[in-house]
Amino acid sequence: MAILQELADALVAGNANKVKELTEKALVEGISAGQIIKEGLIPGMAVVGERFKKNEIYVPEVLIAARAMQAGLSIVKPLLTEAEAAERLGVVCIGTVKGDLHDIGKNLVAMMLEGAGFEVIDLGVDVAPEKFVQAVKEHNADFVALSALLTTTMVNMKETIQALTDAGLRDSVKVLVGGAPVTQAFADDIGADGYAPDSGTAVDVAKKLIGAA
Ligand code: B1M
């Protein structure tokens, strides 16, 4: 549908006003909230993710596109039917680990996951292992996404995985880790299910982990 392509293009251009306008217009035309997300907003954000991964655009452009995505999502999310909401790819509890206050990268990952169709519960920064455990239980999460920017806080990723294991949740939840000092070798060492070096790749890895890619 032409209007959904126009919507995706407006999102890629980071034009929040146009995204809002086109989302409202699409609803008036009778297009469902789910279809607007699936065929307009998500494809737009996928283009942004790909360009970011290839270094064709940078953090500011991604943040602007994410703001445009939010402008559309805030209109259609409350209108999702139960069936449409259930079609979401999965529930992710994301946070920066205990002791760590860096959140720019974590926010980007959260936005890209949401843009790809995941429901994202953002727990913020300095998140203690117990808080992740509690959130996984409360939201019946499929994923825990852990970000760390300090070599001194990376250890709290391991602590969080241990807390999930102790709570008997480790088999029911996938753990994705990332952040500047984190490597695939570290992820393997602490028993994470996935590692991503950037927010675009985080979406690919998350989809693979739940068999949606
Ligand atoms: Co801090 N800081 N900082 N800092 N800071 C670094 C990380 C540092 C490398 C700077 C340096 O010394 N060169 C250094 C860490 C050294 C180390 O541990 N090896 C450092 C330090 C030491 C500190 C303090 C200790 C400084 C002090 O007080 N003495 C202090 C610690 C505070 C704390 O956390 N307890 C501190 C504080 C701060 C500010 C508050 C001032 C600010 C944070 C503001 C904020 O986040 N709201 C800050 C900043 C801005 C930085 C730098 C300059 C930039 C980080 C950033 O936002 N990058 C950083 C140096 C640097 O990285 N160049 C530095 C942009 C962002 C888009 O990238 O976060 O890497 P990044 O995210 C990427 C990927 O890593 C990945 O995707 C993102 C985008 O593609 N990714 C994931 C991130 N999380 C992921 C999760 C995933 C998957 C991918 O799956 C779940």
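Me: Which residues does Phe-118 touch, not counting residues up to four places away in sequence?

Reply: This is a predicted model, in which local features need pLDDT of at least 70, side-chain atom pairs count only at pLDDT 80 or more, and totals for chains, interfaces and linings use all residues. Residues are numbered from 1 along each chain as its sequence is written, and side-chain values use heavy atoms, with hydrogens and water left out. With contact taken as heavy atoms within 4.5 Å, Phe-118 touches Arg-88, Leu-89, Gly-90, Val-92, Leu-113, Phe-143, Ala-206, Lys-207 and Ile-210.

Me: What distance separates the centres of domain 1 and domain 2?

Reply: The two domains meet through 16 residues of domain 1 in contact with 13 residues of domain 2. Taken over C-alpha atoms, their centres are separated by 24 Å.

Me: Which strands stand at the edges of the sheet?

Reply: Helices (H or I, at least four residues) and strands (E, at least two) are DSSP runs numbered from the N terminus, and two strands pair if DSSP finds at least two bridges between them. Five strands form an open, parallel sheet in the order S2-S1-S3-S4-S5. Each edge strand has a single partner strand, so one side of each is left without a neighbour in the sheet; these are S2 (119-122) and S5 (194-195).

Me: Which residue caps the N-terminal end of H10?

Reply: The buried residues of H10 pack against H3, H6, S3, S4 and S5. At the N-terminal end of H10, a side-chain oxygen lies 3.1 Å from the backbone nitrogen of Gly-200. The residue that provides this cap is Asp-198.

Me: Which residue is the only protein donor of the cobalt atom of the ligand?

Reply: Donors are N, O and S atoms within 2.8 Å of the metal (3.2 Å for Na, K and Ca); water is not among the atoms, so sites may look incomplete. Through NE2, at 2.2 Å, the only protein donor is His-102.

Technical notes
Polar contact = N/O pair within 3.5 Å; in protein donor to acceptor, adjacent residues only side chain to side chain. Domains from an automatic or database assignment.
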